[in-house]
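Welcome! Here is a short briefing to read alongside the sequence and the 3D view.

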Amino acid sequence: MKEGDLLDSDLYEYRYRYKAKRSSVRFICILCAIVIAALCFRMYWTRTFGGVYVDGESMYPTLTTGDELLMKYGGDAERGDVIVVDVRRYGFEADTQFLIKRLIAVEGDSVYCEDNRVYIRYAGTDEYVCLDEPYAYYGTGVCDFGPYDVGENEIFFLGDNRMRSLDSRYKEDLSHLEDSLYTEEDIYGVVPGWSIKYKRILRWLPGLHAGI
């Protein structure tokens, strides 16, 4: 073997080891980046979203017992949103800790129901308007109520199943509250519309359950 051939052989081996080492470092860096990204996404997801298990028919026909959804913790709830209400501090009986309902009115609004049609006077306006509620279910009963004036920091919510819902209607003995409404601080989370639309798919995702 010639000296030049030996040098070429050593150089080839060196280059091979260098490339192999560089490939290993690159693989480790990519793997670490994927793991870090996955951990960051998991932290974001668990801090932002929670699971909701529906137990009850107060939101029928929109939701029914056994439905599993995702809610966004906190969030800016708007009229018409489906919300999860934390009632643990109110001393509910049995195991009820959360309610899932539809937000109807907020601070400054006034709301009542006549002939199974809900009317609302929005904050800063003078006239009542009839709400378009394709989601509301009254069955064969009559569920008139109000009027309710929503005070500072208060909210007014109803179940879509108006005949079988424990909600903000304390004057009709449908709430444990005697003379006041729930507050914005009681909103535990907001259920996005896409979560309701794809609830059959979301049932396969693990999450924190809130019994309704």
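## Salt bridges and their surroundings

A search of the whole structure, which is a predicted model, turns up 7 salt bridges.

**Asp67 and Lys199**
- Asp67 pairs with Lys199 in a salt bridge whose closest N and O atoms are 3.1 Å apart.
- Asp67 sits in the loop between strand E1 (49–53) and strand E2 (68–73), while Lys199 belongs to helix H3 (residues 199–202), so the pair ties together parts 132 residues apart in sequence.
- Asp67 is buried, with a relative accessible area of 6%, and Lys199 also counts as buried at 18%.

**Arg162 and Glu133**
- Arg162 and Glu133 form a salt bridge, with 2.9 Å between the closest N and O atoms.
- This pair links distant parts of the chain, 29 residues apart: Arg162 is in the loop between E9 and E10, and Glu133 is in the loop between strand E7 (129–130) and strand E8 (145–149).
- Both Arg162 and Glu133 are buried.

**Arg88 and Asp86**
- In the salt bridge between Arg88 and Asp86, the closest N and O atoms are 2.8 Å apart.
- Arg88 is partly exposed at 46% relative accessible area, whereas Asp86 counts as buried at 16%.

**Asn161**
- Asn161 lies in the loop between strand E9 (154–158) and strand E10 (182–183), and is buried with a relative accessible area of 4%.
- The C-alpha atoms of Asn161 and Glu57 are 7.1 Å apart, although 104 residues separate them along the chain.

**Negative patch**
- Glu107, Glu152, Glu184 and Glu185 gather in a patch of negative charge on the surface.
- Glu107 counts as partly exposed, at 39% relative accessibility.

How values were computed
Residues numbered from 1 in each chain as written. Predicted model: local features only at pLDDT ≥ 70, side-chain atom pairs only at ≥ 80, totals over all residues. Heavy atoms only, no water. Patch = residues over 30% accessible without salt bridge, like charges linked within 9 Å, V, L, I, M, F, W, Y side chains within 5 Å. Areas by Shrake-Rupley, 256 points an atom, 1.4 Å probe, with all protein chains shown as cover. Salt bridge = Lys/Arg side-chain N within 4 Å of Asp/Glu carboxyl O. Lys, Arg positive; Asp, Glu negative; His and termini not counted. Charge placed at Lys NZ, Arg CZ, Asp CG, Glu CD. Buried < 20%, exposed > 50% of the residue type's maximum accessible area, 1.4 Å probe, protein only. Helix = DSSP H or I, 4+ residues; strand = E, 2+ residues; numbered from the N terminus.
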